[in-house]
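Q: I am new to this structure and would like to learn how to read it. Please take me through it one feature at a time.

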Amino acid sequence: MTTTVAVRTDQEIQRDVLAELDWDAQTRPTEIGVTVAEGVVTLTGQVDSYARRWAAERCAHRVRGVRAVASELDVDLPATDRRTDADIAIAASRALEWDSFVPAERLDVTVAAGWVMLRGEVEYGFQRRTAERELRRLRGVRGVTNLVEVRPPTPPSDEQNRRDLRRLLVRRTGTDRVEVRVEGDTVVLAGVVRAWWQREEAERAAWALPGVREVHVGIVVTD
């Protein structure tokens, strides 16, 4: 059976990105400009925290039909949120130590001009993402560069990872229409689902595979 997916216009995508920004309590849509060209969304303007910039980027990625997001948002911290690099480094170390899913002892944090550099090794991709999430929420952070490597003790084969993920997706989403390709530390998801939660669940499941460092989601949500 062939599924026909309607191509969305740039105007439709722009409208929905603006609506998503307005809906999300973490963003201030009046601060953000949105342009769309051939499905690529560009965000411009100025926000008062890195967390708010990241939230705006996620809003754009959630909209159906978006091919990519180019973020040109500037982070301009208010005076009350500015912190020294030493203060940010201490806060970052404590945040990682307090998260039970993050092996803080295997990670190194460097801060320069409010920008946090994260290095080290973890066994799972979700640990890498969790560590970054903890840091981008911190007051005074202007940006995060995540250089953490994902290295499981005994890496499973690509085919074993693919089979395990396929079974997991059927069990969690109730559909076998998600295509899975595993190439070393990268998982590529494609196919068609009927609900956004199925797309998000597929992405979460892929990040839980041992050794995964990147997940590319090309799943289309249809009505």
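This is a predicted model: local features need pLDDT of at least 70, side-chain atom pairs count only at pLDDT 80 or more; totals for chains, interfaces and linings use all residues.

Q: How many of the 12 residues of α4 are buried?

A: Helices (H or I, at least four residues) and strands (E, at least two) are DSSP runs, numbered from the N terminus. Buried means under 20% relative accessible area, exposed over 50%, and partly exposed in between (1.4 Å probe, protein chains only). Nine of the 12 residues of α4 are buried, so this helix is largely enclosed by the rest of the structure.

A: Residues are numbered from 1 along each chain as its sequence is written, and side-chain values use heavy atoms, with hydrogens and water left out.

Q: Which elements do the buried residues of α2 pack against?

A: The buried residues of α2 include Tyr 50, Arg 52, Ala 56 and Cys 59. The buried residues of this helix pack against α1 (10-23), β1 (32-37), β2 (40-47), β3 (68-75), α4 and β6 (143-146).

Q: How many aromatic pairs does the structure hold?

A: Rings of Phe, Tyr and Trp (its six-membered ring) pair if their centres lie within 6.5 Å; planes under 30 degrees apart count as stacked, over 60 as edge-to-face and the rest as tilted. The structure holds two such pairs. Phe 101 and Phe 126 are edge-to-face, at 6.5 Å centre to centre and with 70 degrees between the planes. This pair links distant parts of the chain, with Phe 101 in the loop between α3 (85-98) and β4 (107-112) and Phe 126 in helix α4 (residues 125-136), 25 residues apart. Tyr 124 and Phe 126 form a tilted pair, at 5.7 Å centre to centre and 40 degrees between the planes.

Q: Which residue lies over the face of Trp 54?

A: A charge sits over a ring if NZ of Lys or CZ of Arg is within 6 Å of the ring centre and within 35 degrees of the ring normal. Here Arg 136 lies over the face of Trp 54, at 3.5 Å from the ring centre.

Q: Which residues of the largest nonpolar core touch the most other members?

A: A nonpolar core is a set of buried Ala, Val, Leu, Ile, Met, Phe, Trp, Tyr and Cys residues joined through side-chain atoms within 4.5 Å. The largest one has 19 residues, of which Leu 96, Leu 107, Val 116, Leu 118, Leu 135 and Val 141 touch the most other members. The elements that give two or more residues to this core are α3, β4, β5 (115-122) and α4, and α3 gives the most, with four residues. A second, separate core of 18 residues includes Val 182, Val 187, Ala 206 and Trp 207.

Q: What does Arg 106 touch, leaving aside residues up to four places away in sequence?

A: Contact means heavy atoms within 4.5 Å. Arg 106 touches Arg 119, Gly 120, Glu 121, Val 122 and Glu 123. The C-alpha atoms of Arg 106 and Gly 120, 14 residues apart along the chain, are separated by 5.7 Å. Arg 106 lies in the loop between α3 and β4 and is partly exposed, at 33% relative accessibility.

Q: Where is Glu 38 found?

A: Glu 38 is in the loop between β1 and β2. Its phi is near 55 degrees, a positive value in a residue other than glycine, and Glu 38 is exposed at 63% relative accessibility.
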